[in-house]
Structure formats: C-alpha cells, structure tokens
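Please go through this short report with the model open beside it. It moves from the overall fold to a few individual residues.

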Amino acid sequence: MISRVLIAVAVAATVLEAEKQDVTVMGTVMCHGRSLAYAHVELWEHDSLDPDDLLASTVSDASVAMKT
C-alpha cells in the first residue's frame, strides 16, 4: 500500500514540475543532395521510459522550406 502511495506522489510531482516548452525548427528538406518539395516532416521527442511523442508535423512547401 505504501509503495502505491509513493508511486502516486512521484507521478503527481512529475506532472506538476512539467513545463510547456516551445521548439522552432526551420530548414530545407534534402534527399541525396537535392531539394525535396512537399515532403512530410515529423518532429518527435525521444523518451527513455515511455513511448516517444509526436510534437509536430508539417509538409515542406514548393520552395522546399519547412518550419514547424
């Protein structure tokens, strides 16, 4: 019973300490040295203990630039 309470407190403390952070990614999509228009690009957060999280997705425009 005590271990369940400790786990619950640890999870609650982790959630309370979490902050929202902003990330901006800008660049040009390249494949084999050539620009690639209309490419689907995803930004993932790699987690060690829980599943990875998809942070954003976008499609590069005709000028092959992308920003997310």
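## Model and confidence

This is a predicted model, in which local features need pLDDT of at least 70, side-chain atom pairs count only at pLDDT 80 or more, and totals for chains, interfaces and linings use all residues. Residues are numbered from 1 along each chain as its sequence is written, and side-chain values use heavy atoms, leaving out hydrogens and water.

The mean pLDDT (the predictor's confidence in each residue, from 0 to 100) is 73 for the protein. Of its residues, 65% reach 70 or more. Confidence is lowest in helix α1, residues 2–17, with a mean of 53. It is highest in β4, at 87.

## Fold and surface

Along the sequence the order is α-β-β-β-β-β-β.

Contact means heavy atoms within 4.5 Å. Take the contacts between residues at least 6 apart in sequence: 35% of them join residues at least 24 apart.

The protein exposes about 6000 Å², and carbon and sulfur atoms supply 59% of that area. Accessible areas come from the Shrake-Rupley method with a 1.4 Å probe; for residues, only the protein chains shown count as cover. Buried residues make up 12% of the 68 residues. Buried means under 20% relative accessible area, exposed over 50%, and partly exposed in between (1.4 Å probe, protein chains only).

## Two residues with positive phi

H32 lies in the loop between β2 (30–31) and β3. Its phi is positive, about 55 degrees, although H32 is not a glycine. H32 counts as exposed because its relative accessibility is 79%.

Y38 sits in the loop between β3 and β4. Y38 is not a glycine either, yet has a positive phi of about 60 degrees. At 58% relative accessibility, Y38 counts as exposed.

A37 belongs to the loop between β3 (34–35) and β4. Its relative accessibility is 30%, so A37 counts as partly exposed. A37 and S63 are 26 residues apart in sequence. In space they are 6.7 Å apart, C-alpha to C-alpha.

D47 is in the loop between β4 (40–45) and β5 (53–59). Is D47 buried or exposed? D47 counts as buried, because its relative accessibility is 15%. Not counting residues up to four places away in sequence, D47 touches D52 and D53.

Methods:
Helices (H or I, at least four residues) and strands (E, at least two) are DSSP runs, numbered from the N terminus.
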